[in-house]
Amino acid sequence: EHMVQESPQDRELGTCARESPSFHSRFTSLSITRELWSKQGAKDGAVGTSQGRASTGSGAATPSPSSTISTALFEPERDGQTPQVVVLVGAPGMGKTTMVRRVMLEWGEGTLHTQFDFVFCIDCKAMVLPMEASVAELVSQCCPGLRVPAGMILDGQKKILFIFDGFEALGFSLVRPEAELSSDPREVKPLELTLMSLLKKTVLPEASLLITVRPAALGRLRQCLKGEYYVEILGFSAARRKEYFHRYFENSNKADVAFRFARGNEILYSLCVIPVMSWTICTVLEQELCGKKNLLDCSKTTTGMIMFYLSQILKHRDRDNPQVLQQFLLQLCSLAAEGIWKHKDLFEEKEIKDCGLDQPSLLSFFLNERIPREGEHHESVYAFTHLHLQEFFAAMFYVLEDDGETASSLGKLEKDVNKLLESYKSRKDLNVTVRFLFGLVSQKSIQYMDKTIGCRISARAREELLQWLQGRHRGLSLPGQALKVSEMDTFHFLFEMNEKSFTQSALNHFTDLDLQDVKLTLYDQMTLSFCIQHWAGLGCVTLQGCSFQWRDPEAELDAVGVVPRVWCTGEQPEQVRCAEPPLPVLSCRLRWCQLSESCCAELAALLAEQPGLARLELADSSLGDSGVRLLCEGLRAPGCCLRILR
């Protein structure tokens, strides 16, 4: 009861006004993997978050044969032994504290872990711990409403589970002589000795321990444990990601729309393996859906989502010295950029120290440590929590302000934006980094990073990005032909910037949009909608062999309803409303896009409500007689100015 009362509310960001959901209604099972360290050593890559970071694939965190999604952490293992010490390992935001809350709730309700008479949770991150304390005093502080004196509980033959949540927050040394430790739960000693006595089991040796820890602090923790089992949180599997969206939203239609939005953005969907990233995306999208009927009006970019995520994981850090964070981020971004250029995502301990990143209070927010197995002779290796986060920090390397002195200590890599953009021609693996670069230099991002996270972003790269976009498509058009944009990534870059004036400047030299054989997700359609609305000189849209998703991709249902969704907005196909103001499109060519009868109502609305549309081509479509009748209703509308229909 005390844990539930003291737990922070999930809804602290001013989302839609409604009663806060119960913990049970929101909880979604996590994929975990279990290992007994003393028998096999750490599973290669397991203790340290899947080789140091979450995968980027859409199937990330798919449970392996030895994985489970249960919170029954103290059940007998395959060898028949029941763990007495369990270490729950996970990167920031992976759900360690949530798992602890679940364990306590299940125990309190009598559904799991019923072998324990008492469970006490020591929150290492939030508790104001005294300089000196006995185990009994710690228990009283963890649970001030105890009806029985703590000393009586600890003196009796009770089965007790102690939970240490956030072990890495304990900054004291764990190397202590055995003689200094306590064996009496009532004995008052310096706090570190009391906690060490529990960990080393010189006091209450029969008690069980559950310890949550970030990978970077595993090395310290191993010094004082024996026979411990390790449980690594792998995050959300693909199925659990969808389940979480539906648990988060009370309205199933909104849950479907929000999930389609995330599923259509490969970067966001991949990041959803991290539970706090799923929460971030749901929280932001809920704010959008509160005031708008659909996400085609949404202007939340991938960059914005990640900045919001960073603000959440950094909100408990010390803000007294922003220069320390700025300096650390400069070094971190340099490491990330070096890795991206060299196709490298694992970094040795020496590299971390050489970069000046060996600051435990900050390092564990961004990098996971992979501890070597027993018998391995190499040092620990580190990786960013997720590859896309490494790409984000690599982009930040080019725009994060420094004092000049720092730049000279970052190594040989130059902050040359033009070199990055030129290399993108032959290295499409730089796409995500370039996309984040556009997002970071928007005015909103610069202000947000300064105000919320406390680091300074330079806007100097904006002109270079604008010139590059204006020049990259000019060579694709033959002399005398209209200048056209034919790469979808251009629209992604502009949407990531999300500034009307920048988009207008980038596109005002072009008159045609020409895409071929592109599978347009809901996110792609939203991206196109944003760019088209700010493209004053657009004269012709050609979509050839394109398909348009707007149902769940995993259900393998493509619905065209297609092109009008680029110009119009509406929650359902039958409720289309035209974007304002009317767009000056002269020609719309939909060739081999598998248009069917079901989209004709939207096409009719397009004809009736877009007076600038003079030419429409619907080659190789299966509209049917009833579909054509619907189309004719649009042709008869007073607002239809169409001159050519093919």
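Predicted model: local features only at pLDDT ≥ 70, side-chain atom pairs only at ≥ 80, totals over all residues.
Where does Trp-592 sit? Trp-592 is in the loop that runs between β20, residues 587-591, and α27, residues 600-609. The backbone deserves a look here. Trp-592 is not a glycine, yet its phi is positive, at about 55°.

Now to Gln-594, which also belongs to the loop between β20 and α27. For Gln-594 the phi is positive, about 55°, and this residue is not a glycine either. Is Gln-594 buried or exposed? Its relative accessible area is 64%, so Gln-594 is exposed, the cut-off for that word being over 50%.

His-246 is part of helix α9, which spans residues 238-248. With a relative accessible area of 30%, His-246 is partly exposed.

What does His-246 touch, once residues up to four places away in sequence are set aside? The list is Ser-252, Ala-255 and Asp-256. Asp-256 comes up again when we look at side chains: a polar contact of 3.0 Å links the side chain of His-246 to that of Asp-256.

One more distance for His-246. Ala-258 is twelve residues from His-246 in sequence, and the two C-alpha atoms are 9.2 Å apart in space.

To recap, Trp-592 and Gln-594 each have a positive phi of about 55°, and His-246 has a side-chain polar contact with Asp-256. That is the end of my part.

Definitions and conventions. Residues numbered from 1 in each chain as written. Heavy atoms only, no water. Helix = DSSP H or I, 4+ residues; strand = E, 2+ residues; numbered from the N terminus. Buried < 20%, exposed > 50% of the residue type's maximum accessible area, 1.4 Å probe, protein only. Contact = heavy atoms within 4.5 Å. Polar contact = N/O pair within 3.5 Å; in protein donor to acceptor, adjacent residues only side chain to side chain.
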